[in-house]
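Student: I would like to learn how to read charged side chains in a model. Please take me through one.

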Amino acid sequence: MSKRKNTFTRFIEDIVDDTKDFVDDILDRAKDLETDAKDAIKDVVDDDESDSGGASSLSSLESALAELTAKVNQLAELQLASAAPAARRSSSASAAA
């Protein structure tokens, strides 16, 4: 195994090469960041443009919420109605005892 001669010029060459690699890596990461930022901004702008029917979306959401509220109220009434006879039976059974 031969040993590498460490000369001053070889030392400077290593520093320059390492610095070049470091700068290349930084530039690659900056390009990736720039591309990702552009894509994210483009996605946000596209989403905003597709939301142009906001009023109709809001009205459909309100109608869906009204339907859901009506169903929940109906289920609550059914639950109360089914619980009332059971409560009457248990109170009459305890009164008879």
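Student: How many salt bridges does a search of the whole structure find?

Tutor: A salt bridge is a side-chain nitrogen of Lys or Arg within 4 Å of a carboxyl oxygen of Asp or Glu. The search of the whole structure finds two. This is a predicted model, where local features need pLDDT of at least 70, side-chain atom pairs count only at pLDDT 80 or more, and totals for chains, interfaces and linings use all residues. Residues are numbered from 1 along each chain as its sequence is written, and side-chain values use heavy atoms, with hydrogens and water left out.

Student: Which residue forms a salt bridge with K20?

Tutor: D24 does, with 3.0 Å between the closest N and O atoms. Helices are DSSP runs (H or I, at least four residues), numbered from the N terminus. K20 and D24 are both in helix 1, four residues apart, about one turn of the helix.

Student: And which residue pairs with E34?

Tutor: K38 forms that salt bridge, its closest N and O atoms being 3.9 Å apart. E34 and K38 also lie four residues apart in helix 1.

Key. Helices (H or I, at least four residues) and strands (E, at least two) are DSSP runs, numbered from the N terminus.
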